[in-house]
Amino acid sequence: MFTYLLRRICLLVFVLWGVSVLTFTLMYLLPGERARLVAIYRWGYDDLSAKELATLRREIGEDLPFPQQYAWWLGRVARGDLGYSFVTGRPVAAEILARVPATLELAVAAFFFAALTAVPLGIACARRPGSWWDNLLMTGSLIGVAMPNFWLGLLLILIFSLTLDLLPVAGSGGLAHLVLPAFTLGAGMAAVSTRLVRASLLEVLAQDYITMARTKGLGEGEVLWRHALRNALIPVFTVLGLQLNHLVGGTVIVENVFGRAGVGQLMVEAIASRDLPLLQGVVLFLAFCFAGVNLLVDISYTFLDPRIRYGGAKGNE
Amino acid sequence: MSETVITPHVSFHRGELWSAITRDRAAFAGGILVILLVFVALFAPWLAPHDPVRQDLARALLPPGGEYPLGTDEMGRCLLSRVLFGARISLAVGFFVGGLAAILGMFIGLVAGYYGGLLDEVLMRLTDIFMGLPNIVFVLAVVGVLGPGLKHTVLALVVMGWVPFARLVRGSVLSLKEREFVQAARALGFSHWRIMVRHILPHALGPVVVLATLHIPHAILAVAGLSFLGLGVQPPTPEWGAMLNAARSSMRTYPLQMVAPGLMVFLTVLAFNLVGNGLRDALDPRRRSRFTF
C-alpha cells in the first residue's frame, strides 16, 4: 500500500510539473504580447517604440531564453506568488482565493446531490431490471446525460425564477441561490452515475459468490447490502473520480449561467479581458485542485479495495 | 466518454454487428436521428426559408407563425433558418474533432504499444499530463491565449482529444502483439509498419469506433458550451450555443427563443450517445443480453 501511494504521489508531482510547463509554454508562445499587455495596463496604450518595447521586455524578463524564464517563473509560483492581475492590479492568488468559496459550495452541493440520488436509484433499478421504474429511470438518465447544462440552467431559471417566482434568478448568497445551480450541475452526473451503479451491481449480482450466498439461504437484503454492494461500488468510485472532469467543466458554465462569482467565472472574465497572469494562475490552481482530488480518490481506493492494499496495483495502468 | 467502460479487442462479424444494431431499437432511433441531422446540415440552404444572417430590425423578436415559423431574434433574423444552419457547424466540428482525434490517438497508441520502451514511456507520461488537466480548462486556456473563435476551440479539442484513444489502443496492442498471428507475421518477415497497420490495427478498431462515436457529442457540447460563454463561434454565424447566449438578453420578454437551439443540441448529443451505446453493446457480447448500460 505504501509503495502504491508513493507511486501515486510521484506521478502527481510529475503531472503538476508537466501542467506547469504546458501552461507556461502556452503563454510563452506569444512573444511581445505580454509586454504589449503590460504596456496597456500601465500606460493605457501599446504603440511603443522598438526601444521602449525592448526595455519593457527586459524588465518583465521576456527577453530571456525559455528555460531561464520558466525557472524564474516556477520559483515565484513555488513561493505562492502568481503575479499580479493586469486588470485590477491585485495579486492573482488573492483574486482566486476570493472566488473559491462560491465554487466550492456549488461543486460540493452538486456532488452530494448526484451521489445521493444515483446510489439509491441505481440499486432500485438493479434489483428489478426490466421493471417499469427501471425503464423509466434508464430513459430519464439517457435524457439527463444528453442535456446540455447551459440549456438546463436557462430552462430552470425560466420555470422556477421567471414564471413561478420561487427562486432567485442569479447571484450567490444563501441556500436559495444554490438550489438551481447545484441541480443543474448535479443532474448530468446523477444520470451517468445511476446507470453505472445499476450496471456495476448487475454484474456483481451475476457472480458465483452471490449465487453461493443465496444458496446458503441468505435473504435478498443481506445479499445485497453485505455482499454485493461493497464490490459494486468500487467502479462507481472510479467514475465519480472521472466525473471530476465534468464537474470542473460544468462549474465554469453553470457559474456563468447563474452569475455566481466563482473561479470558473473568474477564468471567463480573465479571457474576456486578456488578463494573462490571472488566466495562468487560474489554470494552475484548477490543475492543482484536480490532481489533489484525484489523489484523494486513489487513497480512498486502498480502503475500499484490499487488492490494492496488498500489493497488486490496480491503478491506472 | 470514459475509456474504462470499453473492453478492448472483441472481434465481430459484419452481419452479426448489423443484426445486433437493428435489434437495438434505441440505437436504431439514434441512427435515424443522426441521418436526419446530417441531412439538415447538408441541405440547410434549401430547407431554410430565409437567409440566416440577414438582419431586419423592423422585424425583431416576432412571435412564431406565418412567414417566420419559429419567429425572429433580436436582430430580426429568422430563427428557423438559423437553427437549421446551426446543424452545419455542430456536425462538422463533431465529425472533424472526433475523426481527427481518433486517427491521431490511434497511431500514437499503436506506435507506443508496439515499440514499447522509452518511446512508450514518454508518450504515456504525456497522456498523464494531459489527463491531469480538466478538458475545459485546457480548452479555455488555449482560447484565452490565442483568442476566442471556432478555429482555436477546434485546435484545442484535437490537441486534447487524442489522449483517450491513444491509451485505449495502446492497451489493446499490448495484448495483441503477443498473439500467434502477430508472431507469424513477424516470422514471415513483414515490416513493422505492415504488422501494425494490417495485422494489429484491425483487431483494435472496434472499441476505437465506439469511443469516436461517443467523442463526437463531447466535441459538439464543448463547442456549444464555449460559444455560449461567448468564446467559441462568434455572432452573427448561426451556431446553437451562441444563439442561446444571445437569447439570454431577451429571456424575460421572449423566452421562446431559447427553446429551439437548446433542443437541437440536446437531440444531437442524444442521437450520437444512442448510436455509441448501441455500438458498444453490439461489440461486447457480455453486455448484449440484459446488461444494457
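This is a predicted model: local features need pLDDT of at least 70, side-chain atom pairs count only at pLDDT 80 or more; totals for chains, interfaces and linings use all residues.
Which residue caps the N-terminal end of helix 10 of chain B?

1. Residues are numbered from 1 along each chain as its sequence is written, chains are lettered from A in the order in which they are written, and side-chain values use heavy atoms, without hydrogens and water.

2. The cap of helix 10 of chain B is B:Glu239, with a side-chain oxygen 2.6 Å from the backbone nitrogen of B:Gly241. Helices here are DSSP runs (H or I, at least four residues), numbered from the N terminus.

3. Helix 10 of chain B (residues 240-247) is largely enclosed by the rest of the structure, because six of its eight residues are buried (under 20% relative accessible area, 1.4 Å probe, protein chains only). Among them are B:Trp240, B:Met243 and B:Leu244. These buried residues pack against helix 7 of chain A, and against helix 4 (79-115), helix 9 (192-228) and helix 11 (259-283) of chain B.

4. Between the chains, 52 residues of chain A are in contact with 51 residues of chain B (heavy atoms within 4.5 Å). The two chains bury about 4,800 Å², 78% of it on carbon and sulfur atoms; this is the accessible area (1.4 Å probe) lost on being put together, summed over both. In chain A, the residues that lose the most area to chain B are A:Phe150, A:Trp151 and A:Leu154, together 14% of what that side buries.

Notes:
Buried means under 20% relative accessible area, exposed over 50%, partly exposed in between (1.4 Å probe, protein chains only). Helices (H or I, at least four residues) and strands (E, at least two) are DSSP runs, numbered from the N terminus. A polar contact is a pair of N or O atoms within 3.5 Å; within protein, one must be able to donate a hydrogen and the other to accept it, and residues adjacent in sequence count only if both atoms are side-chain atoms.
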